[in-house]
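Hi everyone, and thanks for coming. I'd like to walk you through a structure that may be new to you, so please have a look at it on the screen.

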Amino acid sequence: MNSLGRTTGDKIKSFLMFALPGTFVFVCVVIIPFLYGFYLTFTDWNGVAAVKNLVGFDNYRALAQDKEFWKSMGLTLKYVVLSVLLVNAFGFLFAYFLSGRIKKGQNLFRAGFFTPNLIGGVVLGFIWQFVFSQLLVKFGKSLGIALFSKSWLSDPTKAFWALVIVTVWQLSGYMMLIYIAGFTGLSEDVLEAASIDGAHGWSKMRHIVLPLMVPSFVICIFLTLSRAFMVYDINLTLTGGEPYGSTRLVAMHVYEKAFTARQYGIGQAEAVFLFFVVAVISGLQVYIGKKQEVEA
Amino acid sequence: MKKSINRLAALLMTAACVSSLVACGGSTKTETATTAAAAEGTTAAAESKEAVAPTEKSDLAGQSITILNSKGEIQTALEELAATFTEETGIELEVLSCGTGEVPYTKVTSMYSSGTAPTMSILDTTDVIALATEYGLDLSDQDWIQYCDSMTTKVDGKVYSFPFCVEGRGIIYSKKAIEDALGKEFDPASINSLDSFKAICEELRAAGMENPVVLSKEDWSLGAHQLGYIYDTNDGTTAGADKIMAALKDGSQKVEDYDRFNQFMDTMDVILEYNYNKEDPLGAIYDEDAMHLVDGDAAFWPNGNWAWPNIETAGATTDDEFGFISFVLGNDTADFANTSMQASPTKQLMVDAKQSTPEQQAAALEFINWLVNSESGQKGLVEKLQIIPACSNNTVAPLDPLSRDIVAKMADGHTYSSSFVAPSDHWSVVGAIMQKYVAGETDRAGAASEIDAYWQKQA
């Protein structure tokens, strides 16, 4: 076990050699800004002034009273639940069919579904903005389809669904890739044994495949959870929070609080709060998910 | 060997410096001041340069400075202008841009935080006021102030920024569209009350132009530009706008009881009645709004002269007759709000006092000077950047009809220069309230109470 060094000195030396650069960078760009940001929540900084006054817990009190924040938090939770469910459902289905069920053009489909993930969120938002507010409207009008004859982005509910749809479109290909890896890792022996024991179709899926796929689910749900909570780029370019601020997700609210309203302290406090929410939820999810894992 | 060359170069430089100081008048006084000031990083160093003809290659040649541009539509032209400036003065000028959707204030503050502040920043007046005392170079003693004194923004009695461009807003009309539809001459001066505006809209509708007004749905347009009239028209001055905003803040004035608000909403109702985008008001697309106007499908567009590039892209030429009528409020034809349009400096150029070297600051001041005084600077501002200069010594005629109209109205005294300075999130919050109103999600009383609530929160 002690291949890297037998004495304490050796250990320190190998630590310095291998881990120090990484640790140093990590501390500089993650830990220090995080602690500094935490400190900022106790100040009345406006984002640019040279003087920062300590104001105690005022910013957290303001956070509790910021109705818009709770509104966007609620909307974000709704968005997270919907996108996590849909992204994983689609990702799993794609993976299921593209790992053996559909042979023809398998690689083409895999590449196709994965491509949206390679387009940056900002560009993606602009593309879909065009689709929702112009392309679909033109179609809707010429074909007389009421659902599409008005821009989806001008109606709060539809604009919200537009966000979800684009997120699903973007992320499910990525999740599909992870699920495909999971399917490939399933042991043929176990599946064959299950078939011999008479498990077919749904019962094989329910009792054999799904339990064995739990590790993939844990990773995918974790990834989608954290990405959905922190989404900003698509929100910014697809709806911009419009119509009338009704699709402003929490990350965007925090940004606007800090930089547009120039209440950096409150914005930062909200960001810290958001961090804890995401940390607790994804921590719980990973903990519970790990418990479900079984060995084949 | 190398050392001695360096020493020689230093000697020559010093000699050049001293001689250039001697060359300009009043040098005995400035000489000591300059050396002392240069070390402190104040403006005196530049003053002595100002006396030198600005087109001459100056001692500042080789300096490299940066300018942050928050006016996306002039980015390319500004880069070209910077190249001309470099050619003429030898000062390297790099134009930094603000990305789409990037808030200039955020950009500039993050640049300050990271210690890479631009030497100059073109910012909105609100941003300059927020940053000036801390980061701005005091420009109060600059020579160009004599040409634009009424246009400068003062913070604590000092000028920290160069009024980069004048912009005006009202209701843009397309003369051709109106005359084609009505078959008779159109006199923009005849629209000087809400009733006359309503009448011509009705006339146009009867002539087959079903919905003659295009209303854009952008929150900055609805919140800052349209609703902003209620502050700007309080008495037509920025001080008057400040006064009404203070009254709204402390609650001594309620929005719903404010005359200008009610007049504004009356006008808004007429606009909404004749709105080209009526079917789906929030589905309006800015670029297409311009097309409707140019194609003659509509005749009016409440907007400002910044919309010209969009109008031009939509197919208009600079010879076409576009111009402004006032954003009419009420039916008093003697009211300044109905006889004149709003026009004020909107973008300000601030010079950094904190993170740039004295030489860079001097180079920045030289750039402003060059814009104000040199022929290529003056022409560049008006013809390349297509903006309306604030300095009266610049007599180059604007190329586009909207700017021409503003310059003419400024000359005739048919403008008011109020430019309200609201809290930085005003446009976004109030813009959202106006969007609700435009979409029919709230009524006048609802909008008024929401705007009230916004102002109360600022107290």
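How many Å separate the centres of domain 1 and domain 2 of chain A, taken over C-alpha atoms? The answer is 34 Å. Those two domains cover residues 1-40 and residues 57-292 of chain A, with bounds that come from an automatic or database domain assignment.

Before going on, a word on how to read this. What you see is a predicted model, where local features need pLDDT of at least 70, side-chain atom pairs count only at pLDDT 80 or more, and totals for chains, interfaces and linings use all residues. Residues are numbered from 1 along each chain as its sequence is written, while chains are lettered from A and ligands numbered from 1 in the order in which they are written.

How confident is the predictor? For the complex, the predictor gives an ipTM of 0.75 and a pTM of 0.74. As a reminder, where pLDDT is low, the predicted coordinates should not be read in detail.

Let's stay with chain B. It has 21 helices and ten strands; these are DSSP runs, numbered from the N terminus, with helices (H or I) of at least four residues and strands (E) of at least two. Of the 459 residues in chain B, 51% are buried. Here, buried stands for 20 or more other C-beta atoms within 10 Å of a residue's own, exposed for 12 or fewer, and partly exposed for anything in between, with C-beta atoms placed from the backbone. If we take contacts in chain B between residues at least 6 apart in sequence, 74% of them join residues at least 24 apart.

Now find strand E1 of chain B, residues 64-69, and strand E2 of chain B, residues 92-97. They pair in the parallel sense over six bridges; for a pairing, DSSP has to find at least two bridges between the strands. One bridge to look for joins Thr66(B) to Glu94(B) in E2(B). Between E1(B) and E2(B), the chain passes through helix H4 of chain B, residues 75-89, in a right-handed β-α-β crossover. Right-handed is used if, with the strands pointing away from the viewer, the path from the first strand over the helix to the second runs clockwise.

Chain B is also divided into two domains, and each is made of two segments: 41-167 + 345-401 for domain 1, and 169-343 + 407-458 for domain 2. Their centres, over C-alpha atoms, are 30 Å apart. Domain 1 of chain B puts 14 residues into the contact, and domain 2 of chain B puts in 15. On the domain 1 side, H6 and strand E6 (161-174) of chain B each give two or more residues, and H6(B) gives the most, with three.

Next, where do the chains meet? The contact joins 21 residues of chain B to 21 residues of chain A. On the chain B side, helix H5 (104-113), helix H6 (125-135) and helix H20 (426-438) each supply at least two residues. By class, that side has eight nonpolar, seven polar and six charged residues. Nonpolar covers Ala, Val, Leu, Ile, Met, Phe, Trp, Tyr, Cys and Pro; charged covers Asp, Glu, Lys and Arg; and the others, Gly among them, are polar.

Let me finish with some single residues. Gly125(A) is in helix H5 of chain A, residues 121-143. Gly125(A) counts as buried because 24 other C-beta atoms lie within 10 Å. Beyond its neighbours within four places in sequence, its contacts include Asp233(A) and Leu238(A).

Most residues other than glycine have a negative phi, and most peptide bonds are trans. Where are the exceptions? The peptide bond from Glu242(A) to Pro243(A) is cis, with omega near 0°. Tyr244(A) has a positive phi, near 30°, and is found in the loop between H10 and H11 of chain A. Tyr244(A) is buried, with 25 other C-beta atoms within 10 Å. In chain B, Asp156(B) has a positive phi too, near 50°, but Asp156(B) counts as exposed, with 8 C-beta neighbours inside 10 Å.

Methods
Two residues are in contact if their C-beta atoms, placed from the backbone, lie within 7 Å.
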